[in-house]
Each structure stands twice: as structure tokens, then as C-alpha cells.
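Hi,

Here is the structure I promised to pass on.

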Amino acid sequence: MCSAPLPMDYDNPACRSILQRIRFTHPFVYGLTNYVAATLSANVLLAVGAAPAIGAAPGWASSFGAHAGAMWVNAAGLINCTAQDMIVAVTAANAHHVPWVLDPVAMGAGASEYDTIIHDLAMRGPAVIRGNASEVMALAGGAATARGVETTASITQALPLAAKLAQARGVIVAISGPEDHILAPDGQHIIIPGGHPMLTAVTGMGCALGGLVAAALAVTPSGNDRLLAVAAAHALYARAAEMAAPVAQGTASFATGFVDALSRLQNVTGEAASG
Amino acid sequence: MCSAPLPMDYDNPACRSILQRIRFTHPFVYGLTNYVAATLSANVLLAVGAAPAIGAAPGWASSFGAHAGAMWVNAAGLINCTAQDMIVAVTAANAHHVPWVLDPVAMGAGASEYDTIIHDLAMRGPAVIRGNASEVMALAGGAATARGVETTASITQALPLAAKLAQARGVIVAISGPEDHILAPDGQHIIIPGGHPMLTAVTGMGCALGGLVAAALAVTPSGNDRLLAVAAAHALYARAAEMAAPVAQGTASFATGFVDALSRLQNVTGEAASG
Amino acid sequence: MCSAPLPMDYDNPACRSILQRIRFTHPFVYGLTNYVAATLSANVLLAVGAAPAIGAAPGWASSFGAHAGAMWVNAAGLINCTAQDMIVAVTAANAHHVPWVLDPVAMGAGASEYDTIIHDLAMRGPAVIRGNASEVMALAGGAATARGVETTASITQALPLAAKLAQARGVIVAISGPEDHILAPDGQHIIIPGGHPMLTAVTGMGCALGGLVAAALAVTPSGNDRLLAVAAAHALYARAAEMAAPVAQGTASFATGFVDALSRLQNVTGEAASG
């Protein structure tokens with residue numbers, strides 16, 4: 001049922017092909033996310049050539065949810081929009097076959113009213129669920145182990161529950177951590193090695209990855225290719241972090257270098273390192 | 001009726017004079033804008049010496065709208081305040097002769113409820129309307145051509161409608177693009193060449209320009225000089241972008257360099273390039 | 001009653017001990033703050049090793065207010081949450097002996113409805129009140145001297161009222177300015193020299209300091225040590241600013257260098273300057 005995990009990184013042609021399609025087609029990607037992460041999320045998407053719009057102004061959830069190439073819903077967006085806004089957006093997306101990503105930020109941290117909203121959203125057919133180990137475990141029905149937006153669980157703890165969640169709901173589940181794991185409903189399992197611990201020292205990095213996953217979905221028409229698309233977004237992230245870390249003077253210049261690296265990454269081998 | 005367009009850049013004494021007055025008088029500039037662009041907008045204003053306040057806390061719209069030197073209303077601010085907040089703010093501004101800028105972000109992108117709010121605001125007497133080609137066309141009654149917050153129209157398409165809008169409403173209309181165009185009700189037309197395409201790869205750059213235009217209005221008491229003030233804000237932007245682009249390593253360091261450049265620009269010739 | 005002010009800087013062992021405890025225990029710090037300053041605030045906290053969560057998603061105020069190590073309430077957070085959210089959070093914090101910081105941003109700037117909410121919050125038992133001279137004066141019942149979020153008063157003007165406020169309410173009062181002053185209810189008075197004027201040219205720097213003060217409280221179990229904890233947070237800030245200023249190219253690279261410096265500061269003498 002579970003095949004051996006397959007490693008993937010940015011040098012994989014599938015990953016480069018996803019980036020190329022984002023750069024060439026500028027997909028419109030709509031997000032409901034929180035104001036702490038919104039600016040970084042938009043800049044990450046612009047850096048790879050996508051066209052993001054964020055937030056629930058009057059009429060946006062139904063209109064942009066229907067007409068975007070893909071959408072991401074970050075649960076902590078509930079600090080600046082209502083659960084109803086999110087339901088309107090995912091209903092519109094579903095009606096128009098727009099794939100969407102659910103990020104269960106801070107699930108399992110003790111706010112039961114909040115967790116209930118995320119459980120409800122998770123039943124509405126996301127294409128991808130992306131979070132850290134604690135969040136995915138909480139959504140999969142495991143113990144609540146989060147502390148605010150931080151995980152206190154390990155990926156090893158989360159993997160069995162995540163695989164069950166993927167199978168039971170027919171959803172791709174992505175867990176971010178020291179290495180990222182992407183699990184498909186049929187048991188396929190991709191590992192993204194690399195990245196850098198400094199990604200956890202910059203606010204919104206996980207949240208912005210949800211937006212990048214949505215951009216990858218937006219350029220991947222076939223449902224069968226979505227697993228690779230999700231893995232490609234994670235591989236892009238890992239490579240950009242590896243490019244930024246050696247020259248960073250601290251966490252803020254790491255963030256700058258990370259977005260710079262995303263904006264420099266090209267679809268052709270060898271261009272990545274050029275300024 | 002329409003005179004030939006007049007080019008203007010940062011080396012124009014009128015532009016330097018505007019910057020000098022902002023740096024010396026620290027005008028209080030109040031903004032209702034969206035949380036994606038709010039931080040950059042405040043930092044752009046602080047970089048030139050203005051004193052920004054952003055958002056609709058209880059009592060702020062009526063009080064700050066009345067007492068600011070100028071105000072900007074960014075329609076995407078509706079992701080974090082109500083249409084009523086905006087109406088209260090512009091009503092207070094109008095009652096106290098505080099000039100204000102309307103930025104019709106994402107107008108014409110398909111959300112009719114949202115577009116209706118912007119149409120209503122546009123009837124309430126902004127001193128300036130500033131947007132990209134699609135947004136200005138949509139507001140002027142042309143075809144809806146936006147895709148989220150991105151334009152899909154060219155400035156050439158937008159100019160005739162923008163000129164009509166300026167004349168019909170007695171408002172200055174500024175269109176951002178590969179070169180910026182500023183149109184006055186009496187047919188005057190200023191072009192700002194230069195700038196840099198990377199401005200479109202950083203979220204909130206257009207939104208923050210609305211704030212800078214407001215700062216320029218705040219130090220321009222005579223209505224007759226407003227056209228130059230609006231042009232000066234655009235010229236400052238273009239010059240800062242030209243200073244930042246050659247040393248940028250990507251889109252994020254471009255944004256850093258851009259705000260750095262704004263903070264270094266001085267009113268005296270020759271100081272611009274010094275660190 | 002008032003002892004002579006005692007200077008303190010980052011080289012003070014008490015300051016380094018606070019930083020060490022934050023880095024080793026990763027305190028969960030919860031904030032209700034405004035979207036202009038939220039991202040910087042989270043990044044400042046992450047840079048020193050704390051675990052921030054920000055905003056009032058459903059259930060967060062009561063749950064995170066109760067379970068955080070400390071909390072900060074920034075009055076300008078009323079641009080994105082309700083007064084009731086703040087009251088719920090401080091009530092939960094008080095019930096669980098979670099110390100919290102009140103930042104009366106823009107108090108005294110003319111919005112009486114807003115000022116009334118802050119007065120009410122100030123009566124609910126904050127451990128620390130932190131603001132600029134105008135804000136502290138307004139909260140202490142002095143003249144309203146703010147202009148938006150900017151102070152127009154000097155620290156000299158604010159000190160007598162601040163000392164009275166500290167004594168009357170049993171609260172530590174911290175005033176930010178060219179040098180920072182920390183006043184205890186019993187008359188103790190600490191001065192933090194240094195820092196850099198560029199701190200006032202980056203939006204959210206004062207707001208983020210409120211979060212750092214909360215992080216220092218979170219690792220300071222004894223109420224008796226809170227004065228040192230508050231001073232330590234200010235001293236960390238001043239040192240990071242002094243490290244960032246000489247290499248900044250302008251206000252934005254100053255902000256980047258400032259957070260970088262915070263992330264590099266160590267608890268052991270001599271490591272501060274190493275990259």
C-alpha cells in the first residue's frame with residue numbers, strides 16, 4: 001500500500017517544468033490568508049511569476065474563488081476574515097473545478113472553536129492539505145500537540161496519521177519539517193530533502209508555501225500530476241532556502257535572499273546561480 | 001484641449017521642492033489601505049519624512065480624515081475595513097478640505113459588489129484617482145479587463161477614457177505603467193518615463209504610491225499645483241526604482257533598495273547618490 | 001521616593017540572561033497588534049527565539065491569552081480586532097497570571113472613542129505600559145499631544161506623569177525616545193541610552209518592542225524581576241539598532257540589519273559581533 005518514499009529536488013525536470021509554466025502563464029492565484037503572512041505570500045508568488053490576490057473584499061470570495069487558477073485557504077486567515085468568507089470561496093472554487101490548498105495553521109493549539117472551522121473546511125474537498133506535523137496530526141484526529149503556530153510533534157509521529165488522512169479523504173497531504181513529506185491517496189510518498197532551519201525563524205514562510213503550492217496546482221490541469229506539482233513547490237522552496245542561507249547575515253537577510261533566489265530560479269539548468 | 005504630454009523626472013526642481021517640503025514639514029498622512037500593502041506603504045512614507053497612520057480603529061476615520069494633511073483610500077482596503085469606514089473618512093476629509101487619493105485596486109476584475117463601492121467613492125470628490133490601466137478603464141466606464149489586481153490593458157487603451165474621466169469629474173487621473181501618465185481636468189498631460197519593471201514584481205508598490213501621492217498633496221496647498229505634486233510623487237518613485245534595480249539580487253532586495261533610495265533622496269542636486 | 005536613574009545596556013549580565021532564557025525556552029508569546037506592525041513583530045520575536053502567535057481568530061483570545069507565557073496588546077490592533085477581543089484576551093491572561101503589556105499607540109491623537117478603549121484596558125491590570133512620550137502622557141491624564149502615531153512631546157515632559165502613572169496603577173511604565181526610560185511603581189528608574197534615530201523611520205519598530213517586552217516577561221517568573229526584564233528588552237533593541245545603523249544603506253536595509261542583529265545576539269560576551 002505504501003511504496004518506498006521517492007526523493008525529489010529542484011533539479012528534477014518535473015520541478016523545472018512546473019516553474020517554467022508558472023513563469024510563462026502567470027496564473028491568477030487567490031488566497032485567504034492572515035495579515036502576518038500575506039505580504040510575504042504575495043511576494044513569493046510574484047517572485048515566481050504568478051499573479052496573486054489576497055483577502056475577502058466584498059464579492060471577492062465568490063468571484064475570485066470561481067475565476068482563479070487555484071486558491072489557498074490559510075486557517076489563520078480567520079484573524080482577518082470570517083469562516084463564512086472561506087466557505088463562500090471554497091464553494092465557488094469547487095463549483096468551477098478550481099483546486100485549492102488548505103493550511104490548518106495552529107490547529108490543535110487549544111482553540112476548539114477554531115479547530116472546528118478547520119475540520120469543516122477539510123470536509124469540503126481541498127486538493128491539498130499542507131501543514132507542520134502538529135497541525136496535520138490534529139486534523140487527522142491525533143493528539144493536539146501544537147503550541148500556538150509551532151509544532152511540538154515530529155514528522156515521524158505524524159506520518160502514519162497523514163497517510164490515513166490522505167487515503168480517507170482522497171487528498172494530497174504535505175508535511176513541512178526538517179525534510180518535507182508529500183503523501184498521495186494511493187500511497188505514493190515523496191520526500192523533499194534539504195531546505196534550511198532558518199525557514200522556521202521567519203514568520204509566514206510555511207503560510208507562503210501554501211500559496212506556492214496553489215500556483216503549482218494552477219499550472220497542472222491533470223489531477224494525476226498534482227502530486228508532482230505539490231512536490232515541485234516544496235522543492236523550489238528548499239532550493240531557494242539553500243541558496244539564501246550561506247550569504248545571510250541573520251534571519252531578515254535570509255528572508256530577503258530567499259525571495260531573491262525564488263525570483264532568480266529559472267527553468268533551464270545552470271541559470272539558477274546567476275544574478 | 002489636450003496639449004502635448006510634458007515629460008518630468010526627479011531632476012525637475014518642482015519635484016525636488018515637493019520632496020523638500022515633505023522632509024521639512026513631516027505631513028500627517030492618513031490611509032485606508034489593505035494589509036498586504038500597509039507595511040510597505042508606511043515605510044515608503046516614513047522614508048521621505050512623512051508621518052503616516054493607517055487603518056480604521058474606532059474613531060480614526062472621522063478624526064484622522066479631518067485632521068490629516070492628506071489621505072489615501074485604497075479600495076482593496078475593503079479586505080480590512082468597511083465601505084462605511086471609507087465613506088466616513090472621505091466625508092470628514094471633504095468637510096475639512098483635506099485632499100484625498102482614490103486607488104481603485106482590482107476594479108473590473110469581476111466582483112460587481114466591490115466595483116459598485118468604488119464607483120460610489122469616486123463620486124465623492126477625490127483630488128486624484130491613481131491606478132493601472134485596467135483599473136482606470138473600469139472606473140471610467142470602459143471594459144472590465146483586470147485579472148485580480150493585475151492589469152491586462154495597455155496605457156494606450158486607457159488614455160482616452162482616463163482623459164474623459166479627468167475632465168468629467170474634475171479630478172487628476174494618474175495611470176501607472178511602463179511609463180506613468182498624469183492627466184489633468186484641463187487637458188494637461190505629464191509623462192513620467194523611467195522606473196523599472198521590477199516594481200510590478202513586489203506586492204504593494206502601486207498601493208504605496210497612492211500614499212506618496214497623498215504626501216505630495218499634503219505639502220501642496222494650492223489646488224493649481226496639484227498636477228505637479230502628483231507628477232513629482234511618480235517621479236520620485238521612478239528615480240528610486242532606477243537607483244535600486246542595478247544593485248538588486250532579485251525582487252526582495254530590489255524592494256529594500258527601493259525604500260533605501262527613497263530615504264536617501266535629498267532635495268539638493270548631487271546628494272541622491274550618497275549613502 | 002525617586003532614586004537616581006540607573007543606566008543599563010546590553011552588556012549588563014541581567015540583559016544577557018534574559019536573552020539566554022528566551023533562546024533556551026522559546027516562550028509562547030501571544031499578541032493582539034495591528035497589521036502594519038504584525039509581520040515585523042513576529043520576526044523580531046522569532047529572531048530572539050520566542051514563539052509568537054498574533055491575532056484574534058475565533059477562540060484564540062481566550063485560549064492563547066490563558067496559555068501564553070506572556071501577551072502584548074497594541075491598541076492600534078483595533079484596526080483589525082474588536083475591543084471585546086482585547087478584553088477577552090486580557091481577562092483570560094489575568095485569570096491565568098499571564099503578564100501582559102499594553103501599548104497605547106496613537107493615544108491622544110484626537111480619536112476619543114479610541115482613547116476611551118485604551119483607558120479601559122489600562123485599568124485591567126497590565127504588567128507594563130509601553131509607549132512614546134505623547135502616548136504615555138495622554139494615558140496618564142496629561143495633554144493630548146500626539147499627531148497620528150507620532151509623538152510631539154519630549155520625554156522630559158512625560159517623565160513626571162509617567163512616574164505618577166506607575167505608582168498609582170502599580171505598573172511598570174516604559175517610554176521610548178532618544179533614550180528609553182523605564183519607571184517602576186516604587187520609584188526605581190532605569191535609563192537605556194543608545195539606540196538609533198532610524199528606529200523611528202521604520203514602521204512598527206515601537207510596536208514590535210511591545211512584543212519583545214512580553215517575551216522578556218515570559219521568562220521572568222518573579223514579579224520582582226520584571227523591571228530588569230523590561231529594561232533588558234529595551235537594551236537588546238538599542239544594541240541591535242547600533243549594530244545595524246553603521247552598515248545600513250537607508251531605512252529598509254536598516255530594518256533588515258536590525259532583525260539580523262537580534263538574531264545574531266548571543267548570551268555570551270563576544271559573540272554579538274560575529275556573523
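C:Phe64 counts as buried, because its relative accessibility is 1% (buried means under 20% relative accessible area, exposed over 50% and partly exposed in between, with a 1.4 Å probe and protein chains only). C:Phe28 is buried as well, at 6% relative accessibility.

Before going on, a word on the source: this is a predicted model, where local features need pLDDT of at least 70, side-chain atom pairs count only at pLDDT 80 or more, and totals for chains, interfaces and linings use all residues. Residues are numbered from 1 along each chain as its sequence is written, chains are lettered from A and ligands numbered from 1 in the order in which they are written, and side-chain values use heavy atoms, with hydrogens and water left out.

Back to the rings. Over all chains, the structure has 21 aromatic pairs (rings of Phe, Tyr and Trp, the last by its six-membered ring, with centres within 6.5 Å; planes under 30 degrees apart are stacked, over 60 edge-to-face, the rest tilted). One of them joins C:Phe28 and C:Phe64 edge-to-face, with 5.4 Å centre to centre and 80 degrees between the planes. This pair links distant parts of the chain, 36 residues apart: C:Phe28 sits in strand E2 (residues 28-32) of chain C and C:Phe64 in helix H3 (residues 60-67) of chain C. (Helices, H or I of at least four residues, and strands, E of at least two, are DSSP runs numbered from the N terminus.)

There is also a cluster, in which ring pairs link A:Phe28, A:Tyr30, A:Trp60, A:Phe64 and B:Tyr114.

Cheers
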